[in-house]
Number of protein chains: 2
Amino acid sequence: MPQIQNKSTLIGNAESRRDRQARKLALGALEAALGAADPIEVVKSAIVVEDSNLLVSQHKFDLSIFEHIYVVGGGKASGKMAEALESRLGNRISEGLINVPYNSGPYSTKRISLQEASHPIPDKAGMEGAKRILELVGQAEKNDLVICLISGGGSSLMPLPRSEITLEDKRQVTDALLKSGATINEFNTVRKHISALKGGWLAKNAYPATIINLILSDVIGDPLDFIASGPTVPDSTTFGDAIEVLRRYNLWETTPQSVKTLLVNGQKGLREETPKNEDKVFKKAYNAVVGNNRSATSAACSSFRSSGLQALLLTSFLEGEARHVGTMLAAITKEVVASGSPLPSPCGIVVGGETTVTVVGDGKGGRNQEIALSAALKISGMGGIAIASLSTDGIDGPTEAAGALADGQTLSRSLEREMVAKNFIDRNDSFSFFSELNDAIFTGFTGTNVNDVSVIVVM
Amino acid sequence: MPQIQNKSTLIGNAESRRDRQARKLALGALEAALGAADPIEVVKSAIVVEDSNLLVSQHKFDLSIFEHIYVVGGGKASGKMAEALESRLGNRISEGLINVPYNSGPYSTKRISLQEASHPIPDKAGMEGAKRILELVGQAEKNDLVICLISGGGSSLMPLPRSEITLEDKRQVTDALLKSGATINEFNTVRKHISALKGGWLAKNAYPATIINLILSDVIGDPLDFIASGPTVPDSTTFGDAIEVLRRYNLWETTPQSVKTLLVNGQKGLREETPKNEDKVFKKAYNAVVGNNRSATSAACSSFRSSGLQALLLTSFLEGEARHVGTMLAAITKEVVASGSPLPSPCGIVVGGETTVTVVGDGKGGRNQEIALSAALKISGMGGIAIASLSTDGIDGPTEAAGALADGQTLSRSLEREMVAKNFIDRNDSFSFFSELNDAIFTGFTGTNVNDVSVIVVM
């Protein structure tokens, strides 16, 4: 299970007993969040075999009716998810293939093969794996079960352009769209129509088998058709919509001929549309989000409660510029101290999601460290407070740290080292700031991602 | 009592029954907040005469021991505060003088005179009034009571440079400091040392009389020595500190000679320091914040509760860039809908404080309207939601509106009018956006200011 490696140092940096306690509780809550995002734990909690039944969320599947169980999928955490699935189903699994990032293993699976591939830029290995995944689910018959394990990065790890389109052509289109200012919805409209696996095609290929899709979500709000571009989810858009998007952003002229031909033929009804909601395929497809930002932030709340603190989850949909989010967390902290609202102290308040940093300086930092730094600027001098934030994948921006921890003494400790916090945030240099104070949080690469978690503790 | 003038239009803009209900509750909560900031109401609630006792907050004063009661003060709401005080104490008041903005009256006071003066740029009339105020409290003896009524704008409405300094010299110094990047603490350090009324001098002059200071606070967190620069509050800074601030920002050379002489003589001990905490003066001085952002935001919460909604005050210390605050309010709204956290619906969530807008476009807008616009971008399509924000002084930025109201249909309604919301926020043109939709909130000038209040309603 992923842990905070420098926990005792972080706690030891406290300058008072109350600060020490606040730091300890904040870090405990962040570790609970990491635990709830652990791919092995989430699959084990989500999947239970009882008698000969497979229980997934509210659904119960009679295992005795399935002749074969195939396991497929891809993503940064999907290898670990496969290990957990084998620990539940063992030899019941007939065969499987999961695409995972290069050097992310080793994995202890026996029945499920692993195909290493490139991320975030797709490569031939990923395409090869995706093709074999489609072939595998294509074998599945009516009395078979396909379990799909999807996690963040699944989209680039399972690239499979439709028929005549090359990986290079597909990439050219998606690159151009990314730079065009198209919304993520528009982007996905095009991507789903030039892919052979995304946009519901994986489910379509698995039909008439039953398909269970276990999703570890790294997209805020868990829109199922966004996560890995929805390989098991109906698509509501059309070839015509895809053409319109490319025209809207003046990309049609420069679109590769192979893509144009596919889309135009599709619009004429000469090529099959992406599977739609009413398709019978989806009557046998079950999607279960087994882990997401909410499960991580909820675990942080539970950690607080089991330590005797009241706790409140404010949101798992956090967006916005990191430094302003930090300022707002500080504003909430002050209200707790001043009026006992939204909760009386001692308490823990949790927010999750993913903020952005508009880089204006040449410093080294990340979203979470910038949240902590901007909060530090506003809580200076307060006692018994800790505000900490981390990225659940262990990598905050282009830094070695996962996040950082601030308290009411952070500013005075930085001044002792002749560091002016304001200058560090102005330069987007939050990593330099916190690593100098030994208040950067290190977890190493955690092998999972359910975005970011920030916590406030008021003793 | 200040009210929302276009309430029925705003409610009528709803496109569904649930939206209508959400809008109505949001506006009701904002009106409750305005009511709690009403200078007449706050003074009447804070001051009670019972038998021959005057009750102020936790303090009880035996009125029978006071020979005279003098009333002084200044600020944008202080005229109305004086009316309320007369309604409580009537003929018990011997004499009084309050500095109010030009054309802010008429006021119905009989015992308390009103001196009109300029705001925010101080003028001679304000100085004349401030001088008379000092003379008036100077008459007060041991068995007299001075009641001081302070509200936002009090500082510029009661300008009184120390002895040999002219108003022009004082203004030159404060202008230079404002442009220098000095913090508000540094700014106040200098200002208090060149003023004859601020920085505790009013209380010092009133000694040995008892002094009660009733404060309607327009500064986040109510730091008593910031509000109107603390005329009845001890000052912890010194002449030496003031000189250091001017040197730090390279302003010493260009500081007028009269100011330099005063500060240098002060540092040598030749001029009296501002009254310090241990001064006996403050043993007879009582400060009571009678209204502030917390009382306004709490009133909004109470309004929700009395309508059967659960309610939560998140903070009355809100800061940060308006558009990111709006995004965060939307993120909290989504969590309520998705998981019933931090409160299950139907509920109302309240934040207060004062955000900022970094102006990059040439549009017309304000902090509160930008909060509502950025929230609108994120809640599009949701039903039964309202997010509304207003400035309690009725003037949001350089616009005629006090704020604005957004719901899940705001974006689609704007698209019908061929307005692209994103472009309006990019141009800081929130007023144009909401006035076109008839969703700007109008109250007119309310005659009070306890900063901004924002509310979320989820039905």
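Pro346(A) lies in the loop that runs between helix 13 (322-339) and strand 11 (347-353) of chain A. Helices (H or I, at least four residues) and strands (E, at least two) are DSSP runs, numbered from the N terminus. The peptide bond from Ser345(A) to Pro346(A) is cis, with omega near 0°. In chain B, Pro346(B) is found in the loop between helix 13 (322-339) and strand 11 (347-353), and a cis peptide bond with omega of about 0° joins Ser345(B) and Pro346(B). Most residues other than glycine have a negative phi, and most peptide bonds are trans.

This is a predicted model, in which local features need pLDDT of at least 70 and side-chain atom pairs count only at pLDDT 80 or more, while totals for chains, interfaces and linings use all residues. Residues are numbered from 1 along each chain as its sequence is written, chains are lettered from A and ligands numbered from 1 in the order in which they are written, and side-chain values use heavy atoms, with hydrogens and water left out.

**Chain A as a whole**

The secondary structure of chain A comprises 17 helices and 15 strands. The radius of gyration of chain A is 24 Å, close to the 23 Å given by the globule rule for 459 residues, so chain A is as compact as a globular protein of that length. This radius is taken over C-alpha atoms, and the rule is 2.2 Å times the number of residues to the power 0.38. The C-alpha trace of chain A spans about 70 × 60 × 40 Å along its principal axes.

Of the 459 residues of chain A, 61% count as buried. Buried means under 20% relative accessible area, exposed over 50%, and partly exposed in between (1.4 Å probe, protein chains only). Among contacts (heavy atoms within 4.5 Å) in chain A between residues at least 6 apart in sequence, 78% join residues at least 24 apart.

**Cysteines and asparagines**

A disulfide is a covalent bond between the sulfur atoms of two cysteines.

Asn451(A) has phi near 70°, a positive value in a residue other than glycine, and is found in the loop between strand 14 (440-441) and strand 15 (452-458) of chain A. Asn451(B) also has a positive phi, of about 70°.

| Residue | Relative accessibility | Class |
|---|---|---|
| Cys301(A) | 2% | buried |
| Cys347(B) | 1% | buried |
| Asn451(A) | 3% | buried |
| Asn451(B) | 3% | buried |

The buried residues of helix 3 (residues 39-46) of chain B are Pro39(B), Ile40(B), Val42(B), Val43(B) and Ala46(B).

Lys268(B), in the loop between helix 11 (257-267) and strand 9 (285-291) of chain B, is exposed, with a relative accessible area of 59%.
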